[in-house]
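Hi,

Here is the structure I promised to pass on.

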Amino acid sequence: MSNTNGPVPTERAKYGAAAVAHLTGELPNPFPRIMGPNAMKYLREIVDSGLSVDMLSRFESAFAEAYGVKHCIATPGCTPALAVLGAAFGFEPGDEVIVSPVTDYGTLMGLLVENYIPVFADTEPGTVNVSAATIEPRITDRTRAILVVHKTGLICDMDPINRLAQERGLIVYEDVCQAVFGEYKGQLAGTLSKAAGFSFDSEKTMGSDVGGCIITDDDDLAGQARFLGHSRGARQMPGFGRIHTARGYAHRMPQCTAAISLAQLEIIRPNVAHRDKMARLLLDLIGQIPGLTPLPIPDYVNVYSCWMIGFSIDPTAFRCTADEFGEQLAEEGIPGAGTGRYYLMPEALTFLREKAEAKAYPFSTPPASREFSYGADTCPNAHAFLENFVRWATFCEKYAPEHCELAAEIIRRVAERNRDRS
Ligand SMILES: Cc1ncc(COP(=O)(O)O)c(C=O)c1O
């Protein structure tokens with residue numbers, strides 16, 4: 001049965017610090033965030049110069065250099081970054097983009113505004129990520145691209161995905177919101193495909209406020225992204241001024257966010273290295289508790305830029321549900337612990353389901369070539385996984401080994417209290 005058939009929701013959803021900063025417990029909260037020591041210096045430069053320094057370009061150059069890529073286009077978040085990329089690819093309405101089902105709305109928005117059709121590939125059983133094997137059956141003659149999400153910071157197995165895409169003539173791009181500076185076989189996530197979108201939202205690993213960016217090595221794509229994302233689709237016409245030849249966006253990263261992002265970039269590598277170490281320690285401790293399976297870290301992830309800790313509970317081992325397990329963890333001191341069923345986009349985007357059912361544009365034929373339906377049952381692996389998945393996104397760079405031990409101790413206590421001994 002669909003989880004979205006519950007009571008009518010009334011409370012507006014919260015994001016960023018508003019969703020996280022108030023959470024308390026025995027373990028650290030990422031807020032107040034640890035700020036790069038130069039944050040105030042860079043902010044003051046903006047004010048002292050009367051807004052005339054180009055902090056945006058400074059951040060873009062520094063981020064591109066850190067990633068070893070030719071282009072960085074900074075945006076006010078990953079949602080706009082992926083929207084700009086979606087527009088820059090220039091597919092036709094009704095074209096299909098295969099996308100991870102376990103993600104945030106921000107992954108999807110850019111597809112929807114372009115009237116592309118999101119096609120959710122299922123996840124690999126027992127994980128949060130898609131694979132070449134789950135993507136392949138969703139490819140049709142209307143598929144144009146594959147948008148992968150490295151959920152929780154665990155990187156998708158990109159070599160087989162890229163091989164498949166190459167065989168079928170498809171573009172691959174990445175949502176790296178949860179995996180900043182994570183590494184796959186020694187290569188940075190975000191450099192594993194044609195282009196990538198990042199988030200520097202305040203609660204993310206490189207928390208900077210509402211910010212993000214695109215990176216790519218492709219000169220034409222970068223030019224188009226800058227034209228559509230920063231220049232509002234306008235060019236300078238001699239003797240006239242700006243003429244808008246395309247429907248562009250005003251998606252420049254604000255200067256003050258660029259200042260904070262630049263300062264956060266200066267401290268991100270040790271932050272990520274520390275998260276990798278603490279996540280591996282904590283997941284190992286969780287794995288020692290009978291009935292719990294920590295998120296598996298594939299061998300090819302040699303830097304786990306962990307944004308969120310998660311594990312599955314074996315429902316036959318406990319008398320409680322995963323929701324009750326999560327609630328008890330939160331009560332015992334793990335801030336924000338709970339289930340994450342709402343990550344299942346084919347279920348959470350109820351408007352998409354309604355549009356597809358009504359065959360409303362772009363689900364009309366044309367521009368679509370076939371019928372689409374959305375719901376939990378379209379991605380059974382992802383749905384089954386999220387039913388028993390418990391996680392918390394307050395895991396952060398403030399964790400020391402004693403916090404990992406305390407978290408594992410709390411989880412063990414809750415597990416023992418609820419263990420089915422019948
Ligand atoms: C996987 C993923 N994609 C996209 C987004 C959207 O990013 P932003 O909030 O920067 O627009 C988020 C943020 O929660 C995310 O976690």
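The axes of α4 and α5 approach within 7 Å and cross at roughly 35°. Axes here are lines fitted to C-alpha atoms, for helices over the stretch in contact, with angles from 0 to 180 degrees between N-to-C directions. Helices (H or I, at least four residues) and strands (E, at least two) are DSSP runs, numbered from the N terminus. The α4/α5 crossing is right-handed, a term used when the near helix is turned clockwise from the far one by less than a right angle, with anticlockwise being left-handed.

On the α4 side, Cys78, Thr79, Leu82, Ala83, Leu85 and Gly86 meet Gly106, Thr107, Met109, Gly110, Leu111 and Val113 of α5. Contact means that the C-beta atoms, placed from the backbone, lie within 7 Å. By class, this contact has seven nonpolar, five polar and no charged residues. The nonpolar class is Ala, Val, Leu, Ile, Met, Phe, Trp, Tyr, Cys and Pro, the charged class is Asp, Glu, Lys and Arg, and the others, Gly among them, are polar.

Before you go further, please note that this is a predicted model: local features need pLDDT of at least 70, side-chain atom pairs count only at pLDDT 80 or more, and totals for chains, interfaces and linings use all residues. Residues are numbered from 1 along each chain as its sequence is written.

**Around the ligand**

Both α4 (78-89) and α5 (105-113) supply at least two residues each to the shell around the ligand. There are 14 residues surrounding the ligand, and the closest are Gly77, Cys78, Thr79, Gly106 and Ser199. The shell has three nonpolar, eight polar and three charged residues.

**The core**

The largest nonpolar core has 130 residues, and Val84 and Leu85 have the most contacts inside it. α4 gives the most to this core, with nine residues. Such a core is a set of buried Ala, Val, Leu, Ile, Met, Phe, Trp, Tyr and Cys residues joined through C-beta atoms within 7 Å. Buried means 20 or more other C-beta atoms within 10 Å of a residue's own, exposed means 12 or fewer, and partly exposed lies in between, with C-beta atoms placed from the backbone. Leaving out residues up to four places away in sequence, Leu85 touches Gly110, Tyr173, Ala195, Gly197, Ile214 and Ala225.

Which residues does Met308 contact, its neighbours within four places in sequence aside? They are Thr152, Gln178, Arg391, Trp392, Ala393 and Phe395. Met308 lies in the loop between β13 (301-303) and β14 (309-313), and is buried, with 21 other C-beta atoms within 10 Å.

**Backbone points to check**

Most residues other than glycine have a negative phi, and most peptide bonds are trans. Here, the peptide bond from Phe31 to Pro32 is cis, with omega near -5°, and Pro32 is in the loop between α1 (17-20) and α2 (39-48). Pro366 and Pro367 are also joined by a cis peptide bond, with omega about 15°.

Leu51 has a positive phi near 70°, and sits in the loop between α2 and α3 (55-67). Leu51 counts as exposed because it has 10 C-beta neighbours inside 10 Å. Arg232 has a positive phi of about 55°, and is partly exposed, with 16 other C-beta atoms within 10 Å.

Best wishes

Note on methods. A residue is near a molecule or strand if its C-beta atom, placed from the backbone, lies within 6 Å of it. Two residues are in contact if their C-beta atoms, placed from the backbone, lie within 7 Å.
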